[in-house]
Amino acid sequence: MSVSDLPKIELHMHLEGAAPPAFIRGLAAEKKTDLSGIFDEKGAYKYKDFWDFLKVYEAATSVLKTPQDYYRLTRAVLEESAASNVIYTESFLAPDFCGGGDVGAWRDYVAAIGQAADEMEREAGIVMRAIPTCVRHFGPDQAKKTALCAAETVGGFVTGFGMGGDEAMGTQGDFTYAFDMAREAGLRLTSHAGEWGGPDSVRDAIRDLKVERIGHGVRAIEDLALVDEIAEAGIVLEVCPGSNVVLGVYPAWSDHPISELRKRGVKVTISTDDPPFFHTTMRREFDRLSETFGWEAEDFMELNKVALAAAFCDDATREVVAKKLEQTNA
Ligand SMILES: [Zn+2]
């Protein structure tokens, strides 16, 4: 058995960013929107550099407008994840794009997405939980609205709160209010840091937002004292190696610090971020990590356990997923 056949736990994926190109093409055709410029001749997303990637991402997701669109998107995304033998996945959802930060509209989106997730759990055995995220470059006031949306839908399906967006805008500490509100509502916390920002951004997220997980966080490796602190505190990194290599955070897989972080005792996990945009899948991430660092089935099963322990689901769900993992003999 190849390592890519193993079951997988994924903690860091943006629902819109996981939209299969064929799904977006179909939706654009239904809505009579011309998106032909964003696909290559094989039908994959096409872009030249990071700035172009942002434009293509925005164009692709511009056709996602209603709760029904998100219902269909969720089914399409979870079908892809299940094909990679992902058995548990956490997906970031942005209330800013799902109802513009309005609580009532957001509820309709959560209901539609949650229904699709329930169906796919029954049909394909994949469990999904949702992490509403604020968008950093929309600023702290908008983030408060996002946190309120998250707080109003906490429980069962919605389990966490996070922040994505442009790391160059403002500081983590600007968003303390939104994260405090989310924590008080019972949501578990994560924030993107240490992808485009350096080690200080990771330090800020831990100190100011009191997150227990960091989205990416890989650039912590530039400050070994911080690496020790993260390891000691048990902070979990949602590492997305393929995304980092495609976007040029690291020039090649062999330059990626995931193996070094793991050796230094940091809890690392493996995710795809925006898989079709980075021409990756969870299967491919496992294969490339195995080729690059010589990791074997035992290594991946250990990482699965780290990820499941760090998952934001309730313990009953964790137990169900743990049983499934145990059925696989690494
Ligand atoms: Zn991300």
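Modeller: Happy to! A word on annotations before we start: UniProt positions are given in the numbering used here, feature names are shortened, and an annotation may be inferred rather than shown by experiment. With that in mind, the unreviewed UniProt entry places "domain: Adenosine deaminase" on residues 7–326. Please also remember that this is a predicted model. Within residues 7–326, 48% is helix and 15% is strand, and the end C-alpha atoms of the span lie 10 Å apart.

Let's zoom in on I235. You will find I235 in the loop between helix α8 (224–233) and strand β7 (236–239). A residue is called buried when 20 or more other C-beta atoms lie within 10 Å of its own; I235 has 21 such neighbours, so it counts as buried. Setting aside its neighbours within four places in sequence, I235 is in contact with I206, E212, R213, I214 and I230. Take I206 from that list: 29 residues separate it from I235 along the chain, yet their C-alpha atoms are 8.5 Å apart.

Now step one strand back. Strand β5 (residues 188–193) pairs with β6 (residues 213–216), again in the parallel sense, over 4 bridges. In that pairing, A193 stands opposite H216 in β6.

Finally, zoom out to the whole chain. It has 13 helices and 8 strands. Its radius of gyration is 18 Å, close to the 20 Å that the globule rule gives for 330 residues, so the chain is as compact as a globular protein of that length. Of those 330 residues, 46% count as buried. The largest nonpolar core has 90 residues, and I113, A182 and A311 touch the most other members. Helix α4 (residues 103–124) gives the most to this core, with 8 residues. As for A311, its contacts beyond four places in sequence are I9, L11, Y88, E90 and R318.

Notes: Residues numbered from 1 in each chain as written. Predicted model: local features only at pLDDT ≥ 70, side-chain atom pairs only at ≥ 80, totals over all residues. Helix = DSSP H or I, 4+ residues; strand = E, 2+ residues; numbered from the N terminus. Rg over C-alpha atoms; globule rule 2.2 N^0.38 Å. Buried ≥ 20, exposed ≤ 12 C-beta atoms within 10 Å, placed from the backbone. Contact = placed C-beta atoms within 7 Å. Core = buried A, V, L, I, M, F, W, Y, C linked by C-beta atoms within 7 Å. Pairing = 2+ DSSP bridges.
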